[in-house]
Amino acid sequence: MSKSKKIRILMGWISGALFGSGMIISGMVDPNKVIGFLNISGDWDPSLMFVMGGALAVFTPIYHLVIKKRKTAISGDAFTWTSNTKVDGTLIWGAIIFGAGWGLAGFCPGPAMASIGGGTNIILAFTLSMLVGIVHANQYLAGRFPLPFVGYRKNCQD
């Protein structure tokens, strides 16, 4: 195994462990806490704002002082940005589906993956549903699963 691949795997493990630990310690893996944060018209729980603010307070200076100046990642991979900056029906419908799923279940993919070790049926059902959704989304984006009502067909792209 090459040195670059070992560094990539090690950085993935370290990043995943830090991310998952942060999700668990902050309470973002608790669906009731997330729903309490999203429910601004009810008994609103603003505590997750401090979690997000803390994350930005750590990330923003590191991004501007370290990451932004680099042309490659620690593993040697080049940083790439998406070339598609257009807000279209696919993006809007994807955001609506993602937000509805997050609001209904109280989970988004990060906290779900961080809490999968808990082994509850709810988390396992959410993770299985998420994986099915990812497979369908990839099929849809490849043009093999056309849903014209959401505004995307592979053959109609400009």
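Biologist: Which residues make up the largest nonpolar core?
Modeller: Six residues form it: Met23, Met28, Val29, Val34, Phe37 and Leu48. A nonpolar core here is a set of buried Ala, Val, Leu, Ile, Met, Phe, Trp, Tyr and Cys residues joined through side-chain atoms within 4.5 Å. Buried means under 20% relative accessible area, exposed over 50% and partly exposed in between, with a 1.4 Å probe and protein chains only. Keep in mind that this is a predicted model, where local features need pLDDT of at least 70, side-chain atom pairs count only at pLDDT 80 or more, and totals for chains, interfaces and linings use all residues. Residues are numbered from 1 along each chain as its sequence is written, and side-chain values use heavy atoms, leaving out hydrogens and water.
Biologist: And what does Val34 touch?
Modeller: Leaving aside residues up to four places away in sequence, Val34 touches Met28, Leu48, Trp102 and Gly106. Contact means heavy atoms within 4.5 Å.
Biologist: Switching to rings, how are Phe98 and Trp102 arranged?
Modeller: Their ring centres are 6.3 Å apart and their planes sit at 55 degrees, so the pair is tilted. Rings of Phe, Tyr and Trp (its six-membered ring) pair if their centres lie within 6.5 Å; planes under 30 degrees apart are stacked, over 60 edge-to-face, and the rest tilted.
Biologist: Where do Phe98 and Trp102 lie?
Modeller: Both are in helix H4 (residues 89–105), four residues apart, about one turn of the helix. Helices are DSSP runs (H or I, at least four residues), numbered from the N terminus.

Conventions: Helix = DSSP H or I, 4+ residues; strand = E, 2+ residues; numbered from the N terminus.
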